[in-house]
Amino acid sequence: MKTVNLLPEWYLAQARQRRRTRMHVVRMLCLAAALAGTNVFVGRHVQGLRQRDQALSATLAATPDVAADVSSREAELARLENIQLAYRELGSPVPMSAVIQQIQNEMTPGMALSKVAVEVQPEPVKGSGVVGNTASPPRFHDVAKLTVEGVSPNDTQVVQLIGKLTTNPLFTAVSLNYTRTEAVRDYSVRRFEIHMEMDVEQLGTEDAPGGGGPKAVAEGNRP
């Protein structure tokens, strides 16, 4: 049995056009939905990247500057090396303030210091070896040689000062270089010069806590 379509051709063309239009609309809706989903996904991804960037920035800000720290440590190392080199060139430091205080503690009223000179020289330790013997070389230590100048009312006080310095364990080889009469502001006084030596290794440092350096000795013998 043959089916005969009695609809006019223009109606059929419009029907086909409407079907194509509906298909295009459906496709456009599907594409819009896909684009909307993609936009949401991309937005969340971008937000996640921004959060990671903020976290990395915070971590970077909290991370110390390694280059600056290394540069600071290198500068400190260079400073310590220079100090060590200076010690090697000039010898061990002598806490002069404590040494002068120790000498003043031994002085009697009326005496005064006018000049204190010090020279540090390396000398071999007695009994540690023979100078020039490569098989048994001596051990060297720094010895501070002091020359003290001052004034005193009389020679008796100078002799008493030499006696006290001789018994002081801080000083060795105490000797009187000279005494002579001089006029100071219309007063006749005796100017003296005393030579003594000190073992720098046994001095310690002036600010050594609880140590037996010259400062501790001076305070212990202070009248």
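**Note on a predicted model**

1. Ala 173 is found in strand S3. Strands here are DSSP runs of E with at least two residues, helices are runs of H or I with at least four, and both are numbered from the N terminus. The phi of Ala 173 is near 55°, a positive value in a residue other than glycine. Most residues other than glycine have a negative phi. Ala 173 has a relative accessible area of 48%, so it is partly exposed. The classes are buried (under 20% relative accessible area), exposed (over 50%) and partly exposed (in between), with a 1.4 Å probe and protein chains only.

2. Some ground rules come next. This is a predicted model, in which local features need pLDDT of at least 70 and side-chain atom pairs count only at pLDDT 80 or more, while totals for chains, interfaces and linings use all residues. Residues are numbered from 1 along each chain as its sequence is written, and side-chain values use heavy atoms, leaving out hydrogens and water.

3. Now the overall layout. The protein has 5 helices and 4 strands. Read from the N terminus on, the order of elements is α-α-α-β-β-α-β-β-α. Of the 223 residues, 22% are buried. Contacts (heavy atoms within 4.5 Å) between residues at least 6 apart in sequence were sorted by separation: 65% join residues at least 24 apart. The accessible surface comes to about 16100 Å², and carbon and sulfur atoms hold 58% of it. Such areas come from the Shrake-Rupley method with a 1.4 Å probe; for residues, only the protein chains shown count as cover.

4. The strands make an open sheet. Its 4 strands follow the order S1-S2-S4-S3, with antiparallel pairing. Strand S1 (112–124) and strand S3 (172–184) are the edges, since each pairs on one side only. The twist averages 15° from one strand to the next. Two strands pair if DSSP finds at least two bridges between them. S2 and S4 pair over 10 bridges in the antiparallel sense. Gly 150 stands opposite Phe 192 in S4. Helix H3 (residues 96–106) packs on the sheet and touches S1, S2 and S4; its direction makes about 120° with that of S1. Axes are lines fitted to C-alpha atoms, for helices over the stretch in contact, and angles run from 0 to 180 degrees between N-to-C directions.

5. S3 and S4 deserve a separate look. They pair in the antiparallel sense over 10 bridges. Ala 183 stands opposite Ser 188 in S4. The two strands form a hairpin with 2 residues between them. Arg 185, in the turn, has a positive phi of about 55°.

6. Charged pairs follow. The structure holds 6 salt bridges, each a side-chain nitrogen of Lys or Arg within 4 Å of a carboxyl oxygen of Asp or Glu. One of them joins Glu 197 and Lys 145, with the closest N and O atoms 2.9 Å apart. Glu 197 lies in strand S4 (residues 187–199) and Lys 145 in strand S2 (residues 140–152), so this pair ties together parts that are 52 residues apart in sequence. Both Glu 197 and Lys 145 are buried.

7. Another salt bridge links Arg 191 and Glu 182, at 2.6 Å from N to O. Arg 191 has 16% relative accessibility and so counts as buried. Glu 182, at 23%, counts as partly exposed. Salt bridges with shared partners join Arg 180, Glu 182 and Arg 191 into one network.

8. A further salt bridge sits within a helix. Asp 69 and Arg 73 form it, and their closest N and O atoms are 3.0 Å apart. Both residues lie in helix H2 (residues 66–90), 4 residues apart, about one turn of the helix. Asp 69 is partly exposed, at 38% relative accessible area. Arg 73 is exposed, at 58%.

9. Last, a nonpolar patch on the surface. Met 28, Leu 31 and Leu 35 form it, with about 320 Å² of accessible area together. Patches take residues with over 30% relative accessible area and no salt bridge; like charges are joined within 9 Å, and nonpolar side chains (Val, Leu, Ile, Met, Phe, Trp, Tyr) within 5 Å. Met 28 is found in helix H1 (residues 9–62). At 54% relative accessibility, Met 28 counts as exposed.
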